[in-house]
Amino acid sequence: MGQVPAATRTLRVLRFLATQPHPVPLDRVAQVCGLPRSTAYHLLHAMIEEGFVVHLAEEHRYGLGVAAFEVGSGYSRQEPLQRIARRPLATLVDTVGHSAHLAVLHGRDVLYVVEERAPGRPPLVTDVGVRLPAHLAASGRALLAGLPRHQVRALYPDAGAFVDRHGTGPRTPGQLRTLLGETRRRGYAVEDGEITPGFASVAAAVHDHNAHPVAGVALTYPLDGPLAGPAGPSGLRPDELAHAVRTTAATITARIAGVAPGNGPEMG
């Protein structure tokens, strides 16, 4: 049991390195992961010996090693999250009549890993394998709202970190903090035409057994035309769609943790 804190710190460092677009210096690792500099140094060098981290001596920076790639490749082959989520997503789509998807955070983007398209609904930009800016997508906002604030600051240190898509959405760290605060208070994330004009989305986060957000479940529906708003077989209002999304996210969370739905963390 004495090794558990060290393992937790190690995984925290690996998770941080995995979110960075480039290798980072030691001080940045220590600061973001909340570790003493000496502890971060020893953890990084233990991971170097195992191949999970590489040290770029000339740049004085640390990045992910080949062993981390092998773990990621194994995950891609097994697709455990997709397997767990696919049936609850299909049930959600059957219930509400709108298309749903599952996305994971990859740096400052969300990567779509599952899409369940409702019959008769138009194709969306959220095909499997597509990446979109996390601060604009509802699924990304649901994930960011569940991260520790220091991790969000590391991802979005200044205005240069924000990508503009349609001239809307947060453009500064302060605006993002406000939006994520509203998301946490509301209990789910929303976006209104910021990914695709004429379409809105609601989303909630899926958590692992440590209550860390690992994926976002989202529903997308049109705002205009004959299929606008809550139209569909259920006739649900947007707030009712949000409740359905939160329930689905809680179901997937429970399946990840191996507990009955309702006993695991729900997006908040």
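In which handedness of crossing does α2 pass α3?

**Figure 1. Overview of the protein chain.** The predicted model shows a protein chain with nine helices and eight strands. Of its 268 residues, 46% count as buried. The accessible surface of the chain comes to about 13200 Å², and carbon and sulfur atoms account for 54% of this area. Contacts between residues at least 6 apart in sequence were also examined: 55% of them join residues at least 24 apart.

**Figure 2. The crossing of helix α2 and helix α3.** Helix α2 spans residues 26–33 and helix α3 spans residues 37–49. α2 passes α3 in a right-handed crossing. Their axes come within 9 Å and cross at roughly 110 degrees. Because angles of 65 to 115 degrees count as roughly perpendicular, α2 and α3 are described as roughly perpendicular to each other. From α2, the residues that make the contact are Leu 26, Asp 27, Val 29 and Ala 30, while α3 contributes Arg 37, Ala 40, Tyr 41 and Leu 44. Sorted by class, this contact of α2 with α3 has six nonpolar residues, two charged residues and no polar residues.

**Figure 3. The pairing of helix α5 and helix α9.** Helix α5 covers residues 80–96, and helix α9 covers residues 238–257. The two axes come within 10 Å and cross at roughly 155 degrees. Since an angle over 145 degrees counts as roughly antiparallel, α5 and α9 are roughly antiparallel to each other. The crossing in which α5 passes α9 is right-handed. On the α5 side, the residues in contact are Leu 81, Ile 84, Ala 85, Arg 87, Pro 88, Leu 89, Leu 92 and Val 96. They meet Leu 241, Ala 244, Val 245, Thr 248, Thr 251, Ile 252, Arg 255 and Ile 256 of α9. By class, the contact of α5 with α9 comprises twelve nonpolar, two polar and two charged residues.

Figure 4. His 135 lies in the loop between strand β5 (131–133) and helix α6 (138–146). Is this residue, His 135, buried or exposed? Its relative accessibility is 1%, and because residues under 20% count as buried, His 135 belongs to the buried class. Apart from its neighbours within four places in sequence, His 135 is in contact with Arg 141, Leu 144, Tyr 156, Phe 162, Val 163, Pro 170 and Leu 176.

Terms used:
Residues are numbered from 1 along each chain as its sequence is written. This is a predicted model: local features need pLDDT of at least 70, side-chain atom pairs count only at pLDDT 80 or more; totals for chains, interfaces and linings use all residues. Side-chain values use heavy atoms; hydrogens and water are left out. Helices (H or I, at least four residues) and strands (E, at least two) are DSSP runs, numbered from the N terminus. Buried means under 20% relative accessible area, exposed over 50%, partly exposed in between (1.4 Å probe, protein chains only). Contact means heavy atoms within 4.5 Å. Accessible areas come from the Shrake-Rupley method with a 1.4 Å probe; for residues, only the protein chains shown count as cover. Axes are lines fitted to C-alpha atoms, for helices over the stretch in contact, and angles run from 0 to 180 degrees between N-to-C directions. Angles under 35 degrees count as roughly parallel, over 145 as roughly antiparallel, 65 to 115 as roughly perpendicular and the rest as oblique. A crossing is left-handed if the near helix is turned anticlockwise from the far one by less than a right angle, and right-handed if clockwise. Ala, Val, Leu, Ile, Met, Phe, Trp, Tyr, Cys and Pro count as nonpolar, Asp, Glu, Lys and Arg as charged, and the others, Gly among them, as polar.
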